[in-house]
Amino acid sequence: MDKLIISPSPHVHSGDTISNKMIGVFIALLPAYVAGLYFFGLGALIISVTAVLSCLLFEYLIQRFILKGPVTITDGSAALTGLLLAFNLPSNLPVWIVIIGSLVAIGIAKMSFGGLGNNPFNPALVGRVFLLISFPAQMTTWPKPVPWNPAYLDAVTAATPLALLKGQITEIPSALNLFLGNMGGSIGEVSALALLIGFIYLLIRKIITWHIPVSILFTVFVFTGILHYTNPETYIGTPVFHLLTGGILLGAIFMATDYVTSPMNPRGMLLYGLGIGVITVLIRVFGSYPEGVSFAILIMNAFTPLINKYIKPKRFGSPE
Amino acid sequence: MRTFKMGGIHPQEYKLSAGIKIQDADLPRQAVIPLGHYLGIPSNAVIAKGDTIKVGQLIGQAGGHVSANVHSSVSGIVNRIEGAFDASGYKVPSVFIDVEGDEWLESIDRTREVKRECTLTPAGIIKKITESGIVGLGGATFPTHVKLTPPPGKKAEVLIVNGVECEPYLTCDHQLMLEKGEEILVGVTILMKAIDVNRAVIGIENNKKDAIALMQRLAKTFEGIQVVPLQVQYPQGGEKQLVDAILGRQVPSGALPIEVGAVVQNVATAFAVYEAVQKNKPLFERVITITGKSMAHHGNYRARIGTPLISVVEQAGGIPEDTGKIVAGGPMMGRALSNLDIAVAKGTSGVLFIPTVESARKQMQNCIRCTKCVVVCPMGLEPYLLMTQSERSMWKEMENERIMDCIECGCCSFTCPSNRPLLDYLRLGKTTVNKIIRNRHARK
């Protein structure tokens, strides 16, 4: 006993850390990643490795040489951004485009706002949307799913089932294939089954709560249900079709629940999820893009500070 | 199993001293008996330097309504009356008594026989409790007689007895229930009579199964006392949380439990009430837990108020080698001490030795807005926001965000993955806002 430490209570800590939480999300992403590798093969591997490494590198370079502050790439957040970005990309995208996406995600969306915890918009989605607007052709051709596909840039392409809504295709895979993920799409978004396993893991580990994903999925289900069942000829997508295709599950479970950019209490989360669900359906059904989850989340990210300001948690002892 | 509905955490329990029999702490050579209380007005000394004092003799007269009498815990000669540091780090007026022998006032019944019958009237009971200097022994040391006198127009329906002991490590209340269960229950019936209720509920967390079983068995021999096991969850010992857990009623912001018909008393307080009313023994000793992961002999000690902590600690085997922090009380709400010369006070529940490796806080990182602090807050506050406001001196905004509801339980700081000192800033804000509110009232 040399010197006693004096500090205010509490004198114990849960031992939880940022990297702990990040590792938990990585584990939750694992099933979807395996599904991505299975359906899209080599391309999925190249793109995910490129995205993770380039995100880490850009964060390191910016922290070390521009901000000249502490380097925190070991907390796992940059690697997570990289993996989530890769999940939102088609597996036949050239490497250089992936690197640009990573630079936008880390450099513009995250570090320019002050790094982890200060970014108003989800970095991976900013990266994705930047690429979608800049390289619309490359970003909207998806390879056909082939188990352990050895092809990368020359993979045979297939439309996403969501193109059905825009009248570009007429046939879609069976509901079982949609559920398992045997369809064209971005690397991490196709397998509903794998994403749901990840969701359950996140809930069990208490890394996220159910509010945001359930609110989004419920809203999409109800909204598309109303449209479809009042006018099935105009609105051909059934609610189940909407939930199983595109990026809605990936978005609801992993993108919209990003800690930094989502609301701080359950009530706010429900409202935020409602907004995302409504905007997604509006874009999908009435907009010109086949998919709207990314835009919907980014738009609601912008509302998060406002939601936090006006939607307060239930206070102890208050009547409602 | 019942528990409170909002927030809360479950830290590792480390009840290392559970089941260890209460031992008498050795009498100190000199007792330093504080005349001040954490809350309220210090008592006025009624003895002078050189006086010869007996155990149980009144030495400090309550200095006002929210104040309590102080009695000597030792016999001997008053050496001096001057300020001494207490666990809060401030000097409080204290009576230094050089101990000679152990001579008790003859009016105190020292037999072990349990006396169940109480013939006093409610007013008589409250008078006796007031005279005996009883304060809440759960930690806040609020004078018990004040709690038993509801404001005009308010009537208690039920007495809630706190046997929760939700702080990790501490076992003094647990052990007291095991050894003095019947006396506690008699104390409970006396308290019920004092506030004119016919129902009392004793809440005990489910990590004390032996105490629950014993108290349930004993309670059958009393009228209107129910023992309820509670799911282990911190801060269940908080008054508002306990009332919520047991009655399912939430005390409104700024109000006391009496607002929802409840009066809450700790089990140790109930025992002190028993001794005061039935045995004519004022409050001058209490059970404290001496513990820590590296402690050779954990223990529960019956220590006289005013015994320097070092004296009890040495009896328990001395300070462990690897100690980096000494805490008076539990690890969640206790106070870090700079030394052990501080005396046992009425509110001292124990001494905890934390090894050096666990003592220092870890490097703070950016808030990642993970919402954990909001989720665990048992009062439904937003600690992340309050901390930012406190950093920026936004006192008015803090008041609007209900900083005065904060019970300083520390769940937010405990759970933060970025190791942010949330409670430090919340406390700063609460103290400042409290001052602002008082000034506002003073001006009116």
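This is a predicted model: local features need pLDDT of at least 70, side-chain atom pairs count only at pLDDT 80 or more; totals for chains, interfaces and linings use all residues.
Trainee: Happy to. What span would a straight helix of 24 residues have, and what does helix H3 of chain B span?

Mentor: A straight helix of 24 residues would span 34 Å, whereas H3(B), residues 172-195, spans only 26 Å between its end C-alpha atoms. Look along H3(B) and you will find a kink of about 95°, centred on Lys180(B).

Trainee: Is H3(B) largely enclosed by the rest of the structure or largely open?

Mentor: Count a residue as buried if 20 or more other C-beta atoms lie within 10 Å of its own. By that count 20 of the 24 residues of H3(B) are buried, so this helix is largely enclosed by the rest of the structure. One of the residues of chain B to look at here is Val188(B), which touches Leu159(B), Val161(B), Ala200(B), Ile225(B) and Ala270(B), leaving aside residues up to four places away in sequence.

Trainee: Which residues touch the most other members of the largest nonpolar core?

Mentor: The general idea is that in soluble globular proteins, nonpolar side chains tend to be buried together. Here the largest nonpolar core has 222 residues, and those that touch the most other members are Leu159(B), Ile160(B), Val188(B) and Val273(B). Helix H1 of chain A, residues 18-66, gives the most to this core, with 18 residues.

Trainee: Now the backbone. Which residues have a positive phi, and where are the cis peptide bonds?

Mentor: Begin with the background: most residues other than glycine have a negative phi, and most peptide bonds are trans. Phi of Arg402(B) is near 65°; Arg402(B) sits in the loop between helices H11 and H12 of chain B and counts as buried, with 21 C-beta neighbours inside 10 Å. Asn419(B) has a phi near 55° and lies in the loop between H12 and H13 of chain B, but is partly exposed, with 17 other C-beta atoms within 10 Å.

As for the cis bonds, one joins Ser9(A) and Pro10(A), with omega about 0°, in the segment before H1 of chain A, where Pro10(A) is placed. Another joins Tyr234(B) and Pro235(B), with omega about -5°; Pro235(B) is in the loop between strand S11 and helix H5 of chain B.

Trainee: How many residues of each chain are in contact across the two chains?

Mentor: In this model, 51 residues of chain B are in contact with 31 residues of chain A. On the chain B side, S15(B) gives the most, with 5 residues. By class, that side has 24 nonpolar, 16 polar and 11 charged residues.

Trainee: Which residues does Gly317(A) touch?

Mentor: Leaving aside residues up to four places away in sequence, Gly317(A) touches Gln250(B), Val251(B), Pro252(B) and Ser253(B). Gly317(A) lies in the segment after helix H12 of chain A and counts as buried, with 21 C-beta neighbours inside 10 Å.

Trainee: And what is the secondary structure of chain A?

Mentor: Chain A has 12 helices and 2 strands. Of its 320 residues, 53% count as buried. Among contacts in chain A between residues at least 6 apart in sequence, 73% join residues at least 24 apart.

How values were computed
Residues are numbered from 1 along each chain as its sequence is written. Chains are lettered from A and ligands numbered from 1 in the order in which they are written. A nonpolar core is a set of buried Ala, Val, Leu, Ile, Met, Phe, Trp, Tyr and Cys residues joined through C-beta atoms within 7 Å. A residue is buried if 20 or more other C-beta atoms lie within 10 Å of its own, exposed if 12 or fewer, and partly exposed in between; C-beta atoms are placed from the backbone. Helices (H or I, at least four residues) and strands (E, at least two) are DSSP runs, numbered from the N terminus. Two residues are in contact if their C-beta atoms, placed from the backbone, lie within 7 Å. The expected span of a helix is 1.5 Å times one less than its number of residues. The bend at a residue is the angle between axes fitted to the seven residues ending there and the seven starting there. Ala, Val, Leu, Ile, Met, Phe, Trp, Tyr, Cys and Pro count as nonpolar, Asp, Glu, Lys and Arg as charged, and the others, Gly among them, as polar.
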